[in-house]
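Reader: I'm new to this one and would like a tour in plain words. Could you put it on screen and then take my questions?

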Amino acid sequence: MNSRQPIPVVVLTGFLGSGKTTVLNHLLANRGGTRIGVVVNDFGSIEIDAMSVAGQVGDSMVSLGGGCLCCAVDGSELDAYLEKLAAPVHRIDVIVIEASGLAEPQEMVKMLMANENPAIRYGGMVQVVDAAEFDATRARHPETDRHLAVADLVVLNKTDRVDAAERARIEAALGTLCGPGIPVVGADHGRIDPELLFDRRPWTETRGQLSFEDLLAEAAHQADEADETDPADAAGHDHERCGHVHAAYESIEFVSEQALHPRRFLDFLDRRPAGLYRIKGFVHFGVPGHEERYEVHAVGRFLRFAPGPWGRGEARLTQLVLIGSGTDGPALLRELEACREPAPRQVPPESMWGVLRYVDRPADAPAED
């Protein structure tokens, strides 16, 4: 990640037992050279979750024990921890907050959106759902429906514990409980592709206390030896460690030397299908007064643009990567082709207002009408 860009902060939430820590550990074990900062928020005085990930992130992990992040009155404690992780010396690429199973996601999102640290930005909320306990969880926690309504991406975990008919029923229910177009990603043992949430750097060498690839490789080898007693389970682990988790997803690339029309591009984003989990890259609009390079980051329905300068001699291009499952790649590319604008200098500046609504602004900046 460009060190000049704010660090995205992804909130990983879900009720007790849904598998949040399993998802987090999977992300850490499959991050390549990406440097992940982790905030673990445990409810209670014994921080079991924190201990379970401590061996993988070392000093980059901070823990907020004794309660939920959303219980903080002004968020100052969380702000301090985020400031610590965002310090340039750590060279963190992404921060993941594993929230308490009893946390209130809406309040947590508000705290992050209100954070005035220019080194970080809110990166979306991922809700983990236990497929095997879906109905029981909703019965015990009626607020489940409200939490799902504000999620940007839903991970339906433990799908290996339900049959196809039950999974289809749950996915249909989630379709009505989640916001329009919110994607639902199926997983077993928390195994999702990290690229759905952040870019993975290629790992080439051990680089200090935040790099644990050698340790993880040794742990994987030991696990493989233990798995020899269960051939079926061993096969599943081998599949994951060979890097095939991404096989369930399709990646589409779009490059345009022509600028994109901001309103047509926003229309494309507004109607993107639920199976399109992530969009990343840079957009060239070329509209008078808005000729910067706009980084676009979308996780599920969460969307942010970040304007920044072009590099010296850098070609003015739109370069996008779309990651999803069950999507019509050629149709998506045709829609993006229709967003091209051959005469961006003739496009009125007010056409950018829709884009600017998704740009983080300082608290004292005037809002667009």
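Author: One term before we start: helices (H or I, at least four residues) and strands (E, at least two) are DSSP runs, numbered from the N terminus. This is a predicted model, where local features need pLDDT of at least 70, side-chain atom pairs count only at pLDDT 80 or more, and totals for chains, interfaces and linings use all residues. Residues are numbered from 1 along each chain as its sequence is written, and side-chain values use heavy atoms, with hydrogens and water left out.

Reader: Where does Gly-124 sit?
Author: Look along residues 120–130. That stretch is a strand, and Gly-124 belongs to it: strand S5.

Reader: Is Gly-124 buried or exposed?
Author: Buried means under 20% relative accessible area, exposed over 50%, and partly exposed in between (1.4 Å probe, protein chains only). Gly-124 has 0% relative accessibility, so the label is buried.

Reader: Which residues does Gly-124 touch, leaving out those up to four places away in sequence?
Author: Contact here means heavy atoms within 4.5 Å. As for Arg-301, 177 residues apart from Gly-124 along the chain, the two C-alpha atoms are separated by 8.5 Å. The residues that Gly-124 touches are Val-9, Val-10, Val-11, Asp-152 and Phe-302.

Reader: In S13, which residue is the bridge partner of Ile-279?
Author: Strand S10 (residues 276–284) and strand S13 (residues 318–324) run antiparallel and share 6 bridges. The partner of Ile-279 in S13 is Leu-322.

Reader: What is the phi of His-189?
Author: Most residues other than glycine have a negative phi, and most peptide bonds are trans. His-189 lies in the loop between strand S7 (184–186) and helix H8 (213–227), and it counts as partly exposed because its relative accessibility is 46%. Although His-189 is not a glycine, its phi is positive, at about 55°.

Reader: Where is Lys-158?
Author: Lys-158 also has a positive phi, near 60°, in a residue other than glycine. Its place is the loop between strand S6 (153–157) and helix H7 (164–177).

Reader: How many helices and strands are in the chain?
Author: The chain has 369 residues, of which 50% count as buried. Among contacts between residues at least 6 apart in sequence, 77% join residues at least 24 apart. The counts you asked for are 12 helices and 14 strands.

Note on methods:
Pairing = 2+ DSSP bridges.
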